[in-house]
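Good morning, and thank you for the time.

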Amino acid sequence: MTNAPNDAARVADAPSDNFVYRVLPRSLWGYSQLARWDRPIGWQLLMWPCFWSIALAADAAPDGLEPSAGTIIFYLFLMFVGSVAMRGAGCAYNDLVDHDIDMEVARTRSRPLPSGRVSRFGAKVFIVLQALVGLLVLIQFNTFSIVLGIASLAVVAIYPFAKRFTDWPQFFLGLAFSWGALIGWAAIFGSLSWAPVFLYIGAVAWTIGYDTIYAYQDIEDDELIGVRSTARLFGDKAKPCLVGLYGVTVLFLFLSFIAAGAGFFAYVGLIAMVIMLGWQILILDIRNTAQCRDLFLSNNRVGAILFAGLLLSLIF
């Protein structure tokens, strides 16, 4: 007997064999789908700038002020928990705002809210619970980091509405998803400098790039219902536009590493990132929705490779 959800209990673009369906009772499946627990790519992409920032800051800390290995591991754990919680809360909030739009898009009309598996009231309660977990994580850091983290809520609140008033909703997603590039550094130093600012800008450009690829999956539905996106804006010019976005990504990560005095392996990771991003652009077929999804998902490996380089730089 399988625990995979049947057609009435699944989301069209989500895996039906994820561990959440084996671990959670059926009554919670809708909430797990609302938080995208069955699609970890979201919290992974939210987490990597946090991890980059912590590793870069720890490497840059002067002798006598460098955090212990235990502190670094603890901060990474907090960032993991916070990424899962806040991504889940953000997705639920976004689905509340986009309830009517999701009912008009083939890929999203099977989500818990438009399909009726979760009520709007239940979604609101779920958002609060996840936000409380995020707050519990945030207060483990210094005061400057707490204030910085709270400031991010302004961007998070705007993002779901961005597709209604700008062709660049991916820019607002980048602002929100990359905030950890600032928080990680602030957690170590209690302040900001050019290194985390450059890291943040690079992460924003990276997010715009990979989410543009993702948005090409919905471009036909978006055109029909009037939802705006960089995919619609770029049209058939996706590749040169992505060259620009990923070029900005690499440039500002390079500047961040220089400003922080990063070690050799950080640049090795950056070179690997360049190759992986270049491959995405080279093979991209914007009319192949399955490939767009796979290329979007491959950015988890991009983030992991860069973190590995930063971690090796810190260790050695």
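I begin with Asp38, which is found in the loop between helix H2 (29-34) and helix H3 (41-60). Please bear in mind throughout that this is a predicted model. Is Asp38 buried or exposed? Its relative accessibility is 1%, and because buried means under 20%, Asp38 counts as buried. The side chain of Asp38 also makes a polar contact, at 2.8 Å, with the side chain of Tyr21.

Let us turn to helix H9, residues 169-177. Of its 9 residues, 8 are buried, so helix H9 is largely enclosed by the rest of the structure. Among these buried residues are Pro169, Phe172, Leu175 and Phe177. What covers them? The cover includes H3, helix H4 (69-97), helix H8 (143-165), helix H11 (194-215) and helix H13 (230-234).

Helix H11 brings us to Tyr210, which is found in that helix. Tyr210 likewise counts as buried, at 1% relative accessibility. Leaving aside residues up to four places away in sequence, Tyr210 touches Leu45, Phe177, Tyr246, Phe296 and Asn299. One of these, Phe177, is a buried residue of H9.

Finally, the surface. Phe121, Val125, Val128, Leu129, Leu132, Leu135, Leu136 and Ile139 form a nonpolar patch there. Together they present about 780 Å² of accessible area. Leu129, one of the patch residues, lies in helix H7, residues 120-138. Thank you; I welcome your questions.

Notes
Residues numbered from 1 in each chain as written. Predicted model: local features only at pLDDT ≥ 70, side-chain atom pairs only at ≥ 80, totals over all residues. Heavy atoms only, no water. Patch = residues over 30% accessible without salt bridge, like charges linked within 9 Å, V, L, I, M, F, W, Y side chains within 5 Å. Areas by Shrake-Rupley, 256 points an atom, 1.4 Å probe, with all protein chains shown as cover. Salt bridge = Lys/Arg side-chain N within 4 Å of Asp/Glu carboxyl O. Helix = DSSP H or I, 4+ residues; strand = E, 2+ residues; numbered from the N terminus. Buried < 20%, exposed > 50% of the residue type's maximum accessible area, 1.4 Å probe, protein only. Polar contact = N/O pair within 3.5 Å; in protein donor to acceptor, adjacent residues only side chain to side chain. Contact = heavy atoms within 4.5 Å.
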